[in-house]
Amino acid sequence: MTPVTHELPDYYQPGASLLLHLEPTNTPLSLRVLRAFTPFTMGQTILVELDPGKNSSAYLFLPQTFILKVLDTKFYSYRLPKGSSPARPWTLGAEITAAAARKKQNRSRDPDFEPWETPEDDDAPGWEEWYYQQAEAQYHGEISAYDCLKVFQGTTLIHCYGTGPLQLSQRAIAPRALLLEFIPDAKTLDQVDPKAVSASLIHSLLETTEQFGKLGVIHCNIIPSNILFSPCNHPVRAVIIDFGESGIREDENDEEWQKIVRFESDADWMRERLQRFLGDVVPCAS
């Protein structure tokens, strides 16, 4: 997906201060930006640290540094022109109008998480609302996936420490954010030396994706950049990241859900990716 090329805003610059309200208690958490991983696509990945001068011992469950994955619609790659679709640049005025209408109508996110109809091309506030709803749906899917897959957090999945809205200056919305484990010395599947990847790591990735469907999750985006190996030169851990496009089982019966799992084929995609980049060391499907 083509990245959005925006100038990095002041609030994501190294050294900037951020304020997040941890859910469900709405407790303020002060953070300092260390690095923004650019270019942005559908989510903004920001490396942050706790501000020790402003946070109490109540946050001892958090590491000193971690990733803040922000779902800020201003940077969505969908805004770029594509085919017959025009560019839909963010404006504060349209965001304010959409937020005011949302407040007046006493609504936030569609509780059924059904896709909204796309607005007319010239309806800028309508598009801001549409993007807002898309971000809320992505947030819901991602936190639900981490919740369903807790058994893998810390091994083949990163830890999800919590979530909350991020307060940003001169904005009409508070984008949702996830607090995620930072793996400092990692390479993606297309960057790692195949000879450094052990059979046990390959097995762990295959076994994990096999379990996704059984635990009520489909990842839907098994690509090389979402498969990490750490440490980079002598990996002892393999991790699957980015559940922003995931699907969660809701009211499907067993037959319906299995059909969805087979169609998305997370395990087959994982095997194909591993075989492509790691070669014959990856076992064929039985």
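Trainee: How many salt bridges does a search of the whole structure find?
Mentor: The search finds 16 salt bridges, where a salt bridge is a side-chain nitrogen of Lys or Arg within 4 Å of a carboxyl oxygen of Asp or Glu. Keep in mind that this is a predicted model: local features need pLDDT of at least 70, side-chain atom pairs count only at pLDDT 80 or more, and totals for chains, interfaces and linings use all residues. Residues are numbered from 1 along each chain as its sequence is written, and side-chain values use heavy atoms, with hydrogens and water left out.

Trainee: OK, which residue forms a salt bridge with glutamate 95?
Mentor: Arginine 171 does, and the closest N and O atoms are 2.9 Å apart. That pair links distant parts of the chain, 76 residues apart: glutamate 95 is in helix α1 (residues 92–104), and arginine 171 is in the loop between β5 (160–167) and β6 (176–180). Helices (H or I, at least four residues) and strands (E, at least two) are DSSP runs, numbered from the N terminus.

Trainee: And are glutamate 95 and arginine 171 buried or exposed?
Mentor: Both glutamate 95 and arginine 171 are buried. Buried means under 20% relative accessible area, exposed over 50%, and partly exposed in between (1.4 Å probe, protein chains only).

Trainee: What does arginine 237 meet in a salt bridge?
Mentor: Glutamate 181, at 2.7 Å from N to O. Here too the pair links distant parts of the chain, with arginine 237 in strand β10 (residues 237–240) and glutamate 181 in the loop between β6 and β7 (187–188), 56 residues apart.

Trainee: Why does glutamate 181 count as buried?
Mentor: Because its relative accessibility is 14%. Arginine 237 is buried as well, with a relative accessible area of 18%. Another thing about arginine 237: its C-alpha is 9.4 Å from that of valine 197, and the two are 40 residues apart in sequence.

Trainee: What about arginine 273, which side chain does it meet?
Mentor: That of glutamate 272, in a salt bridge of 3.2 Å, N to O. Arginine 273 is buried at 12% relative accessible area, while glutamate 272 is partly exposed at 26%.

Trainee: Which residues are linked in a network of salt bridges?
Mentor: Glu23, Glu136 and Arg176 are. In general, side chains of opposite charge can pair when their charged atoms come close.

Trainee: Switching topic: where do negative charges gather in a patch?
Mentor: On the surface, at Glu250, Asp251, Glu255 and Glu256. Patch residues have over 30% relative accessible area and no salt bridge, with like charges joined within 9 Å (nonpolar side chains, Val, Leu, Ile, Met, Phe, Trp and Tyr, within 5 Å). Glutamate 256 lies in helix α4 (residues 254–264) and is partly exposed, with a relative accessible area of 41%.

Trainee: Last one: where is alanine 186 found?
Mentor: In the loop between β6 and β7, where alanine 186 is partly exposed with a relative accessible area of 29%. Its C-alpha is separated by 39 Å from that of asparagine 253, 67 residues apart along the chain.

Terms used:
Accessible areas come from the Shrake-Rupley method with a 1.4 Å probe; for residues, only the protein chains shown count as cover. Lys and Arg count as positive and Asp and Glu as negative; His and the chain ends are not counted. The place of a charge is taken as NZ of Lys, CZ of Arg, CG of Asp or CD of Glu.
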